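The following note sets out several points for a colleague who has the sequence and the model at hand. Each numbered point may be checked against the coordinates in turn.

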Amino acid sequence: MTRFAHAVREELWSRGRLIESRLSHGEAFEDEQGIVAADTRDDALVAAAERELDRLRAVMPEGFTVRLVAESSTEGTTGTITVRTDTLSLVTDPAHIREDVDLLLRGAGASPAVPPAPRRHVPMLWLNGSASILLHELLGHPLEHDRESPPLPPWLHVDIPLSMRRATFRDVPLLRMQHVRATQTDAPFELPDERVEITLIDSGMYDPLSDTILLRVAASSIGAFTIHERRTSIAFIGARGEPLRYPGVICSREGQELVVGSSAPVMLTELR
Amino acid sequence: MIYRKQGVVARWENGTLIRVTECGIAIEEGEYFECRPDVGRGFSPPPRGRRAEATPYVDFAVQSLRDLSFERLIITHGFAEHECEERTWHDETDRIHLSLVCGRLRALVDSTTRRLDDIFTIADALQRCEQTERARPTTLRLAPNVTAALLPHLVGRVPSNVRLLQTAGGVDGYGNDVVEAAGPWPNFYRPTYRVRPLRMPLNLRLECDDTHVDDDAPVAIALLAPIADLALRVLVVDRQRVFPAAVTVTHIRAVSNERIWYPYGGGSFGASLML
């Protein structure tokens, strides 16, 4: 029999005012018959979640809508900060909040440099580690569904370990990504004059039935747009540099939201 | 405003049975909302090591549906007791969330354990369905479950010849009576103690002066994709032929007054409807 227990403290702040505060705790016991769960309190986990919340609150930026989530469980303690402007949001942590809020402000202020181009013929340059979200949908979710990876170029290595994870004690654990970490070896490319530069992704989805991915790009050189393609339509042209951490990714499947650490080098793709 | 809820729910989720016991409190003070478990007030938590037990409803539904070709099957049954400002009430949850698949088609079903016949009809039709989309028939009937899914999307854009109404009966998330209304919506939906109640219509129904429905018309029996605006992708049965078709709801010709409740939005009474 396995036991999972956790405590979660959550706060929602709007421009410096606390408007929502939540405490959740419980434990779940699982055996071959199923799962029995209850909102039992573990004082040590609650105290650890409170300490983590204090740490998040201390670095919370002003002037935004901010959600702080501090979780302490039998699997460790995590803290995430979601920062929202009127149009964009990203997920970060105390170690990266300054640089990520800068990125958010740049994305929010960016206006399309050129009118939207005929998409299929224009290469896409994935900046700020955003290629990890493409790979999350292209490889990660299919892996969770036991689907084969489409052929990747030899210069691209993608590490996506899976494990049984759950969002709350009320949930059934599912085989989920732990992280997406892409690296490249000797994959130079010539920067095309005409290109779409992608900086922030709003959301993504993989449909196992049609084997398609859908990505809603929130900020790019042509503004927001959507990519909806078969997995085999994405061609990887090249990459440069070390992997860049993409601001935290909250992945939702079966209604369970989990943080998936993501990083990738700057990457150039095109649609076949 | 203080709200308390305690409940127990059994959920069969894609092969795993989970039984959850909870008790919680939610406090609202102006724009501020707070919630937390209310341990000690509610049901006794199950002892460690106790086996998960399905309710008879869940067990019956699982046994009935488990041989279908599905991508997702979630069956939920539970009981809850509520208290808000001196008012107390209780309710029962009965939900089936199902994605049936055949080839590249996916039929989406939200229903209850009382409507299993609908599910078998859809599953059978899906197995016989052509994979290529066809033009929608000029005259098309929507089955009650499809209409029920459509109703929440009609809020704010109802064709002029029909009336979208909240149906009186039961209580809302504050324990207030759900009253007959056509908007602005006076009641609140509270699916869990962990979220702030949301003002929205409950138990919607659609009325039309013309209630004549042609039972021989081709019928859309299931959704093949989530509804976007008023665009539907549906599974159409036209005598022996079954095919996918895209439909945009711009005009409604008639709505039957025989209604069936489905768990869409804050509840929705579906009825046969002629486009």
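Predicted model: local features only at pLDDT ≥ 70, side-chain atom pairs only at ≥ 80, totals over all residues.

1. A polar contact is taken here as a pair of N or O atoms within 3.5 Å, where, within protein, one atom must be able to donate a hydrogen and the other to accept it. On that basis, the side chain of B:Gln166 reaches the backbone nitrogen of B:Leu202 at 2.9 Å. The side chain of B:Gln166 also reaches the backbone oxygen of B:Val179, at 2.7 Å. B:Gln166 belongs to strand S8 of chain B, and with a relative accessibility of 0% B:Gln166 counts as buried.

2. How many aromatic pairs does a search of the whole structure find? Over all chains, the search gives two aromatic pairs. One of them joins B:Tyr3 and B:Trp89 in a tilted arrangement, with 6.2 Å from centre to centre and 40° between the planes. B:Tyr3 is part of strand S1 (residues 2-13) of chain B and B:Trp89 is part of strand S5 (residues 87-102) of chain B, so this pair ties together parts that are 86 residues apart in sequence. B:Tyr3 counts as buried at 1% relative accessibility, and B:Trp89 likewise counts as buried, at 14%.

3. B:Tyr174 and B:Phe188 form an aromatic pair of the edge-to-face kind, with centres 5.1 Å apart and planes at 80°. The pair links distant parts of the chain, 14 residues apart: B:Tyr174 lies in the loop between strand S8 (162-166) and strand S9 (188-189) of chain B, and B:Phe188 lies in strand S9 of chain B. Both B:Tyr174 and B:Phe188 are buried.

4. Which residues line the largest cavity? The lining consists of A:Met124, A:Trp126, A:Leu134, A:Ile227, A:Ile234, A:Thr269, A:Glu270 and A:Leu271. Strand S7 (124-126) and strand S16 (256-271) of chain A are the elements that give two or more residues to this lining. The largest share, three residues, comes from S16(A). By class, the lining has six nonpolar residues, one polar and one charged. The volume of the largest cavity is about 40 Å³, and the count of cavities of 30 Å³ or more comes to one.

5. Is helix H3 of chain B largely enclosed or largely open? Nine of the 11 residues of helix H3 (residues 144-154) of chain B are buried, so this helix is largely enclosed by the rest of the structure. The buried residues of H3(B) are B:Pro144, B:Asn145, B:Val146, B:Thr147, B:Ala148, B:Ala149, B:Leu150, B:Leu151 and B:Leu154. Just after H3(B), B:Gly156 takes a positive phi of about 90°.

6. Most residues other than glycine have a negative phi. A:Arg15, a residue other than glycine, has a positive phi near 45°, and A:Arg15 is placed in the loop between strand S1 (2-14) and strand S2 (17-31) of chain A. A:Asn128, a residue other than glycine, has a positive phi near 55°. A:Asn128 is found in the loop between S7 and helix H3 (131-144) of chain A, and A:Asn128 counts as partly exposed at 22% relative accessibility.

7. Two separations in chain A complete the note. A:Asp39 lies in the loop between strand S3 (34-38) and helix H1 (43-58) of chain A and is buried, with a relative accessible area of 8%. A:Glu99, in helix H2 (residues 97-109) of chain A, counts as partly exposed at 46% relative accessibility. The C-alpha atoms of A:Glu99 and A:Pro173 are separated by 33 Å, and these residues are 74 residues apart along the chain.

Note on methods:
Residues numbered from 1 in each chain as written. Chains lettered and ligands numbered in written order. Heavy atoms only, no water. Phe/Tyr/Trp six-rings, centres within 6.5 Å; stacked < 30°, edge-to-face > 60°. Helix = DSSP H or I, 4+ residues; strand = E, 2+ residues; numbered from the N terminus. Buried < 20%, exposed > 50% of the residue type's maximum accessible area, 1.4 Å probe, protein only. 1 Å grid on protein atoms, 1.4 Å probe; cavity = no way out; pocket = protein on both sides within 12 Å on 5 of 7 lines; lining within 4 Å. Points joined across faces, edges and corners; volume = space filled by probe spheres on them. Nonpolar A, V, L, I, M, F, W, Y, C, P; charged D, E, K, R; others polar.
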